[in-house]
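Hi,

Here is the model I promised to pass on. Have a look at it first, and then read my notes below.

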2 protein chains.
Amino acid sequence: MQERKIQSQQSRHQTENDSFRCELISFDEVLRLSRTLARKIKASGYMPDLIVAIGRGGYVPGRLVSDFLIFNDLTSMKIEHYSRAADMREEARIKFPIPVDITGKKVLIVDDITDTGETLNLAVGYALSLNPASVRTAVLQHKVCSGFTPDFYAQKILKWRWIIYPWARYEDLAGFTEKIIQNGALDISQIKVEFKHRYGLNLKETEILEILDDLTERGELESTEQDKRKLWSIKR
Amino acid sequence: MQERKIQSQQSRHQTENDSFRCELISFDEVLRLSRTLARKIKASGYMPDLIVAIGRGGYVPGRLVSDFLIFNDLTSMKIEHYSRAADMREEARIKFPIPVDITGKKVLIVDDITDTGETLNLAVGYALSLNPASVRTAVLQHKVCSGFTPDFYAQKILKWRWIIYPWARYEDLAGFTEKIIQNGALDISQIKVEFKHRYGLNLKETEILEILDDLTERGELESTEQDKRKLWSIKR
């Protein structure tokens, strides 16, 4: 899991808060990475008794790895990151626990990516407290800057960037959209340019418009008409 | 969830045990279906407090729907289907429960598909026993022959067929491969022809070979050489 607030507020791999390099990952790439990850797990001779997908980032990788391993016992746990108002720090905690007794079991925890490493650190510590036989970790992509090195990963990421997986694309782009217009109203072509400028993302206007309409419907944005241009801004 | 043994042994929608129509679904199609499903949920005015993905089929749809709804609280439960040796019937049971208190909550259960409907029937009954405010159900595809009609679905399937989702493709094709060679050793081109003949599937030999090698490594198949042809059969 990538920790959005941590990386945007504190990461040493990023020079400004509101501009950083992103990479969109396709489902074809996710399939390739998941197959590679499953092969590495098999090749190691290790076979878990239980796979635990970290929610929400590990759901798709967990399901795909369990397919390539022809493995049935997939469950999940949820970790959430929250801000401590007192010191503006982000902390992680277990939101939904592992719903089954793992005593004496070989547990494989699967997530999409290591970023700071805090998620897997917490997940492993929690799982170990439940007396399993062993706990191992697997991710599709491992950022080498992470403070946690998983046992298995399909690919190393050497140069920090924000990875946008297909299952988080909508929410990620919605978050970026709100950042882009937070200092003032912009029209669709300006927003599109900002996506390219700030995040290196070439998006279609239709995709951005869908998000703008959706956020407006949710009451988070509002739009005004000016010189026949439609402008979006954060609803105050 | 499609119930493989039920459908292959008992379904009235199928004339023989070892031949039935299949359809491969791409991830692009899954994205379209998930977006449609999320739109229908939003359009209804309903917003859950918790989304519960059914394991394992609901993991990817659950994650994608939660993205399109920009919804955070995703968890899972696992239902398994098992054979009762006494009467050769398949039954379903809760394997991993919902790991969080749902008292007073609006719960949305997400799965990939309704087939017999037994999975969602059991899941809803179980969830209702935990005193939620309400329980609703959503699937990507709803077979109209199902005994259970979900509250939300992206698409109706009128004519029964076995749907192969990208997250179950490997295991599904491995299962079909074992059926194809269960009555005798076949070479790769014969297996490819049988995939087309029995299931209507045009597969590449490379994909079948990978599965054959994998099942051989797992000790489930064995191969022999005959007249310079490599033949695969079930390991006895």
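Let me begin with a turn in chain B: in the hairpin of β9(B) and β10(B), B:Asp227 takes a positive phi near 50 degrees, and 2 residues lie between the strands. The two strands run antiparallel, with 6 bridges joining β9 (residues 221-226) to β10(B). Opposite B:Leu221 you will find B:Ile234 in β10(B). Helices here (H or I, at least four residues) and strands (E, at least two) are DSSP runs, numbered from the N terminus, and two strands count as paired if DSSP finds at least two bridges between them.

Some housekeeping before the rest. This is a predicted model, in which local features need pLDDT of at least 70 and side-chain atom pairs count only at pLDDT 80 or more, while totals for chains, interfaces and linings use all residues. Residues are numbered from 1 along each chain as its sequence is written, chains are lettered from A and ligands numbered from 1 in the order in which they are written, and side-chain values use heavy atoms, with hydrogens and water left out.

**How the chains relate**

Chain B is superposed on chain A by a rotation of 180 degrees with 0.0 Å of shift along the axis, at an RMSD of 0.0 Å. That is the relation of a two-fold axis. Contact, here and below, means heavy atoms within 4.5 Å.

**The sheet in chain B**

Chain B has an open sheet of 6 strands in the order β4-β3-β2-β5-β6-β7, with mixed pairing. At its edges stand β4 (89-96) and β7 (152-157) of chain B, each with a single partner strand, so one side of each has no neighbour in the sheet. Neighbouring strands are turned by 25 degrees against each other on average, direction ignored. Helix α3 (residues 59-68) of chain B packs on this sheet and touches β2, β3, β5 (106-114) and β6 (134-143) of chain B. The direction of α3 makes about 160 degrees with that of β2(B); axes are lines fitted to C-alpha atoms, for helices over the stretch in contact, and angles run from 0 to 180 degrees between N-to-C directions.

Within the sheet, β2 (residues 50-55) and β3 (residues 74-84) of chain B pair in the parallel sense over 5 bridges. B:Ile54 stands opposite B:Met77 in β3(B).

**The sheet in chain A**

In chain A there is an open sheet of 6 strands too, with the order β4-β3-β2-β5-β6-β7 and mixed pairing. Strand β6 (residues 134-143) of chain A pairs with β7(A) in the parallel sense over 5 bridges. The bridge partner of A:Lys143 in β7(A) is A:Ile157.

**Helix α6 in chain B**

Which residues of α6(B) are buried? They are B:Ile188, B:Ile191, B:Phe195, B:Arg198 and B:Tyr199, where buried means under 20% relative accessible area, exposed over 50%, and partly exposed in between (1.4 Å probe, protein chains only). They cover an arc of only 100 degrees around the axis, which puts them on the same side of α6(B); the arc is that of the directions from the helix axis to the C-beta atoms. The face turned away from the buried side carries the exposed residues B:Val193 and B:His197. The buried residues of α6(B) pack against β1 (22-24), α5 (169-180), α7 (205-217) and β10 (229-234) of chain B. Just after the helix, B:Gly200 takes a positive phi of about 70 degrees.

**Ile180 in both chains**

B:Ile180 is found in helix α5 of chain B, and at 4% relative accessibility B:Ile180 counts as buried. Not counting residues up to four places away in sequence, B:Ile180 touches B:Leu186, B:Ile191, B:Glu194, B:Phe195, B:Arg198 and B:Tyr199. B:Lys192 is 12 residues from B:Ile180 in sequence and 9.6 Å away in space, C-alpha to C-alpha.

In chain A, A:Ile180 has its place in helix α5 (residues 169-180) and counts as buried at 4% relative accessibility. From A:Ile180 to A:Thr36 the separation is 144 residues in sequence and 36 Å in space, C-alpha to C-alpha.

Best wishes

How values were computed. Copies are superposed by least squares on the C-alpha atoms of residues with pLDDT of at least 70 in both.
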